[in-house]
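Subject: Structure handover

Hello,

Here is the structure for you to take over. My notes on the contacts and ligand sites follow it.

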Amino acid sequence: MKTIIFKATDLCNSNCIYCHAVRKGDQSIKTMPLDILEEFFAKANAFLMEQPEETLKIIWHGGEPLMLGPDYFRRALEFKQTHCKDTGSRISFDMQSNLTLFSREYVDVLREMGIKSFGTSFELLPGIRGGGGKEGSDRYNRQFIEALSLLEQEGFSWGIIYVVTKPALKEPLRFFRTLANFVPSASVMFNPVTFYKDKTANVAITPEEFVDFLGGIFPEWWHHRDRYPGVDPFKSLVENILEGSDSLICVDSGKCADTHLSIGPDGMIWQCGRSSDWGLMRYGSIVDYSLSDIMNHPEKELLRKRTALLRDGECGACRFWDICHGGCPLDALAETGSVMHKSPWCWTKKGFIEKYFEPVTGIRYPCTHGG
Amino acid sequence: MRHPALVCPHVPSLLEQMNGYDIAVRVDRLEHVSRAAEDVRSAGGVLTRVILETDQPLSTVPIPEDWAGIPVALFTPGLGTYRDLSRQIQKLRDLKIHVCLPAGNSENLVSSRILASLGVTCCLVFDEREPRWAALSDLMTYAVFGPVPHAPVEPFHHIAEHYSPGAYLDWGSVYFDDPKEYLHLDSRGRAALSRRDLLSGSFIAEHISSINDPLENEGYVKGLNAWRRLFLDDHPCILCEGWKICLGRFGFNGSHKAGCSRFAADMLSEIEQYQSQRQEENPEGKTA
Amino acid sequence: MANLLLTTRCVRSCPYCFAKNEMAESDPSDILSWENVIYVADFLVRSNDHHIALLGGEPTLHPQFVDMTLYLLERGFHVTVFTSGIMSDERLEQLGSYLSTFPPERIQFVCNLNNPDQTPAPKGETEKVFRFLTALGPWTTPGFNIYRTDFSLDFIFDYIARFGLQGQVRLGLSSPIANQDNLYIKKEDMKKVIDRLYGYRNRFEKLRARPSLDCGFPLCYFTDEQLGWFYRMAGPMNFGCGPAIDIKPNMDVYSCFPLSNIHKRSLFEFNSIQEVVAFYLTLHDRIRQDSPGVFEECAACIFRNEGRCAGGGVCHSIEASCP
Ligand code: SF4
Ligand code: SF4
Ligand code: SF4
Ligand code: SF4
Ligand code: SF4
């Protein structure tokens, strides 16, 4: 399966402190014109015709995708129906949204697109999400909460990605409890805030700090893991370590060259959403290239080589290789200027397991049972 | 969505407008119960409950025979003496009457256990008065783990049966306090989200007929998840371990401080244990 | 059948009292709670046991005596109440109006009677007992505890006739309480007691009243003639010894009052009454290994081997082994 982060717009109704839309593409095009949208579906069809086993998961992202308005999504569906007659069943949609613009007008079209669940974010700390300052956060959160009511009434579910910033480090458990209480499905993913170059001092955190933040939560989660089924990175780690699952998110998979792409409003294709935000790893325009061309782009080849290089090099002696694969190449590129290094966030895997996971669970990785 | 049932006062002219709705009709006199049931049915409403509110202890309420076939929820301040009630137990059981008792009165915690053990469904109503948490906890354990079959003690039974780790559990509907399940009307047909809103004159519609799809009513949608706003106010409930099975109800929105939180956390652990036991005994979820 | 103590308080102070031990250490607030009544009812239902005996102290002293009894009746139990018959007029009136609506097959009283001449009672007590027997005679079986060899039963026969009591007399042999000094029948006096009882045969026969022997009587002290007569009057006899399970208001359990000082456990430790009985049987067996019966002959006795006699009460064995 290929995951395509679909940034059809750069427009957003919010102004979150960690969102840096510093794309290097054509900044004059804020929203993907319909001809490019149509082109995309035509290319998607061609790609799927060539690859009969392949599927595409399109994640509507932004900016804020609901800035596009319901009609935009209806057009997307029309293009899909027109161009992907025989391949449409192999294309699925997801959405990452701040939800504040969700309204009843979206319900039918989103349902028709097969979207059942939304990825979103929530922040209790003032001044991080929303239009700036406490007032901005409050207003944002109120809109957000009202949208959630409607969303749930209409039968959609949602989960959140919580971006851990400096002010959150003090009270990990408090954040965990609040978030686990806030999200009905307890589907919460903790990610560290990451910046390219601009390390905004009052919010940026180090890998060590992130590990200790997770470590402040992990014993509570482990003790009650049935109660909080969806909390990541813990859930996935337990699945990998105890149940032998080989499903890994992009940064751990060592395979993102083969699984990820992103497209911007101007039709430019990038390695992924974050790479397009940071203006790194650009592969060319959808207008000029087929998806197969892009998948064979020399920079993608480089990423493929990276995995082998790290296995025999920087990560050679590491017992966590099978569940890490050297981490995210984009982070390595941003930090060192080359993708051919392991991620500077290496400690978030190694340190967390050694310092917290193993002592709390009494299980040493790799363990012999479970796969 | 399904239209919520309407909790109406027993005003025939109002009931006549309620053709096709699910109706819980509220009366305050024993003698009016069967008449109210008849009025709902003859107006074309679907009777879900007759709610009788009395300030008499249950043992002094002479339950008439003509309630057969009428689902009654009886709100009473207490049981009175068991010896006087004993003569009515059979009727309470046969007529499937739900006895609703305020949880803030400790005697009612014992009373609920007595009634449930005799096959009478009862329901604790949580309000401003703080319950005795240790006794409540004891009753909850009985309700969930009592080894001998007994009638439900609500809300514990409902929580034990419906809790799922991936969801909130709002159980206010066990005493008609959940706008997803019930809207409350006054005699003019004005609609409120709860009995409390009704009494304080806070309405979401001037007449129920204006609410076709409740989700189109702004006040309704706002009120539905009003508890979620607690997250914006740094409210003590949002950190509570038992939040997902309480949503502020046990402790009257956290006004009872720490006691409720300990209770709700204990309850959550017991429910988890109950469900995993049930799962072990019946792995495929077959019902007996 | 389990014995449930509603309260450990009592109104009397009998010289033989086997409950003395429990009474002495009881806290005045030690009365059975509703939660525990329900617990015990559930426990017995789960054990498929539908008989319960309510004891004290004096069980009718419990402020909710009538309510709890009605509750147990509603739960389907057959209830036997062991009482002195001494209670306030108000309580007696409640008994009359609430409990006498049930037939004697559902609720029965065993009224523990003392001979007013041999065991004198404070003024007014006997009148109270009479009032009780007047109100509830047809529901009541007289009970008598033998604690002296010159006991007299005449008064009981008078009461049976006068108050229309049930035609049965429960006869208890008062037992030594481990580590206490109450009055009881020494093993060497048991023969005398049996002969004296047999001496009342004409009066039993006249009233068609069945003599019903409680635990602890030694089989070998009865003559064949006596055995024949007892059998004819009351059917097969039991020369056994417990364990009768007593449950205190705080859910402590032990095997009968005289043994309450040793091996007290909590009902909460068991899952059924059968488990409790099995626990105490094992314990009795252990005691019996050191001291097989009240007499030396018990060790080799064929009746004991065949299980027809328990060799007197364990309570006597314990007494013998205590300094
Ligand atoms: S570059 Fe990093 S963030 Fe982007 S897809 Fe690859 S692993 Fe994921
Ligand atoms: S934990 Fe660090 S060393 Fe190990 S594989 Fe990951 S990046 Fe490499
Ligand atoms: S138990 Fe108390 S603190 Fe916890 S959610 Fe309920 S009301 Fe709030
Ligand atoms: S067991 Fe002992 S008491 Fe019983 S009959 Fe034999 S000798 Fe007598
Ligand atoms: S020990 Fe045996 S004989 Fe003695 S009182 Fe108890 S049951 Fe009766």
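How many nonpolar, polar and charged residues does the shell around ligand 5 have? The shell has 7 nonpolar, 4 polar and no charged residues. The classes put Ala, Val, Leu, Ile, Met, Phe, Trp, Tyr, Cys and Pro under nonpolar, Asp, Glu, Lys and Arg under charged, and the others, Gly among them, under polar. Ligand 5 is surrounded by 11 residues, the closest being Cys215(C), Cys241(C), Gly242(C), Cys256(C) and Cys315(C). A residue counts here if one of its heavy atoms lies within 4 Å of the ligand.

Some conventions first. This is a predicted model, in which local features need pLDDT of at least 70 and side-chain atom pairs count only at pLDDT 80 or more, while totals for chains, interfaces and linings use all residues. Residues are numbered from 1 along each chain as its sequence is written, chains are lettered from A and ligands numbered from 1 in the order in which they are written, and side-chain values use heavy atoms, with hydrogens and water left out.

Ligands at chain A

Ligand 1 has around it Cys250(A), Val251(A), Cys256(A), His260(A), Gln271(A), Cys272(A), Arg274(A), Met281(A), Cys328(A), Pro329(A) and Leu330(A). The shell around ligand 1 divides into 8 nonpolar, 2 polar and 1 charged residues.

Around ligand 2 are Cys315(A), Cys318(A), Trp321(A), Cys324(A), Gly326(A), Lys342(A), Cys346(A) and Lys350(A). By class that shell has 5 nonpolar, 1 polar and 2 charged residues.

Chains A and B

There are 2 pairs of chains in contact, and chains A and B share the most contacts (contact means heavy atoms within 4.5 Å). Chain A and chain C are joined by no contact, and their closest C-alpha atoms lie 28 Å apart.

Between chain B and chain A, 30 residues of chain B are in contact with 29 residues of chain A. The two chains bury about 2,500 Å² between them, 50% of it on carbon and sulfur atoms. Buried area is the accessible area (1.4 Å probe) that two parts lose on being put together, summed over both. Of the area that chain B buries against chain A, Arg228(B), Leu232(B) and Leu239(B) supply 26%, more than any other three residues.

The rule finds 6 salt bridges across this interface of chain B and chain A, where a salt bridge is a side-chain nitrogen of Lys or Arg within 4 Å of a carboxyl oxygen of Asp or Glu. Glu241(B) and Arg227(A) meet through their side chains in a salt bridge at 2.9 Å, N to O. On the side of chain B that touches chain A, α9 (218-224) and α10 (258-281) of chain B are the elements that give two or more residues. That side has 16 nonpolar, 3 polar and 11 charged residues.

Chains B and C

This contact takes 18 residues from chain B and 15 residues from chain C. Chain B and chain C bury about 1,600 Å² between them, with 61% of it on carbon and sulfur atoms. In chain B, the residues that lose the most area to chain C are Tyr82(B), Arg83(B) and Val148(B), together 38% of what that side buries.

Across the interface of chain B and chain C there are 2 salt bridges. Arg83(B) forms a salt bridge with Asp67(C), the closest N and O atoms being 2.8 Å apart.

Inside chain B

Chain B is divided into domain 1 (5-162) and domain 2 (225-282); the bounds come from an automatic or database domain assignment. The C-alpha centres of the two domains of chain B lie 24 Å apart. In the contact between them, 18 residues of domain 1 meet 18 residues of domain 2. Domain 1 and domain 2 of chain B bury about 1,600 Å² between them, 68% of it on carbon and sulfur atoms. Trp133(B), Phe145(B) and Ile159(B) lose the most area on the domain 1 side, together 36% of what that side buries.

The rule finds 1 salt bridge across this domain interface of chain B. Arg278(B) and Glu161(B) meet in a salt bridge through their side chains (2.6 Å, N to O).

Regards

Terms used:
Helix = DSSP H or I, 4+ residues; strand = E, 2+ residues; numbered from the N terminus.
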